[in-house]
Amino acid sequence: MKSFKIKDKKKAQKEPFDYYFGKPRIEMSGSECLVDGLEGIIEYSSTKIQVSLGSQIITFWGDDLRINSFTREGAVVEGNIMSMEFSS
C-alpha cells in the first residue's frame, strides 16, 4: 500500500511580514493605526498628522487625532481617522 503525505497549507504559506522585512508597514484596527518604519513627524495637530516613511509621506485626516506611542520603530495614531493620503 502506498502512503501519501498531506501538506499543511497554513504552514507552507509565508506570513505577510516575511515578504516585507525592513519595509514600512501600516496596520489599521478600529480607531488606531500602527505605522512601522517611521522616520519622522512632519506635522501634528488634532485634525492632521503627517509622518515621513523616508520616500513616502502619510497624512492622516480626522478629529481628535493623537500619537499614542512613538518609538524608533514606529508610532500608533489614534482618534477618529477619516482618511489617509499617501504621497512621495
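Reader: In which strand is the place of Asp 36?

Author: The model is a predicted one. Within it, the strand that spans residues 32-36 includes Asp 36. That strand is S2.

Reader: How many residues apart are Arg 25 and Asp 36, and what are the closest N and O atoms' separation?

Author: Arg 25 and Asp 36 form a salt bridge, with 2.8 Å between the closest N and O atoms. This pair links distant parts of the chain, since Arg 25 lies in strand S1 (residues 25-29) and Asp 36 in strand S2.

Reader: Which residues are linked with Arg 25 in a network of salt bridges?

Author: Arg 25 forms a salt bridge with Glu 27, where the closest N and O atoms are 2.7 Å apart. Arg 25 also forms a salt bridge with Asp 36. The residues linked with Arg 25 in the network are therefore Glu 27 and Asp 36.

Reader: Why does Glu 27 count as partly exposed?

Author: Partly exposed covers the range between the buried limit of under 20% and the exposed limit of over 50%. Arg 25, the salt-bridge partner of Glu 27, falls in that range with 36%. Glu 27 counts as partly exposed because its relative accessibility is 40%.

Reader: Is Lys 48 buried or exposed?

Author: The side chain of Lys 48 meets that of Glu 43 in a salt bridge of 3.3 Å, N to O. Glu 43 is partly exposed, with a relative accessible area of 33%. For Lys 48 the relative accessible area is 17%, so this residue is buried.

Reader: How many salt bridges does the structure hold?

Author: Side chains of opposite charge can pair when their charged atoms come close. Examples here include Lys 48 with Glu 43 and Arg 25 with Glu 27. The number of salt bridges in the structure is four.

Reader: What is the C-alpha to C-alpha distance between Asp 64 and Gly 79?

Author: Asp 64 is in strand S5 (residues 57-70) and counts as exposed because its relative accessibility is 57%. Not counting residues up to four places away in sequence, Asp 64 touches Ser 46, Glu 78 and Gly 79. Asp 64 and Gly 79 are 15 residues apart in sequence, and their C-alpha to C-alpha distance is 5.2 Å.

Note on methods
Residues numbered from 1 in each chain as written. Predicted model: local features only at pLDDT ≥ 70, side-chain atom pairs only at ≥ 80, totals over all residues. Heavy atoms only, no water. Helix = DSSP H or I, 4+ residues; strand = E, 2+ residues; numbered from the N terminus. Buried < 20%, exposed > 50% of the residue type's maximum accessible area, 1.4 Å probe, protein only. Contact = heavy atoms within 4.5 Å.
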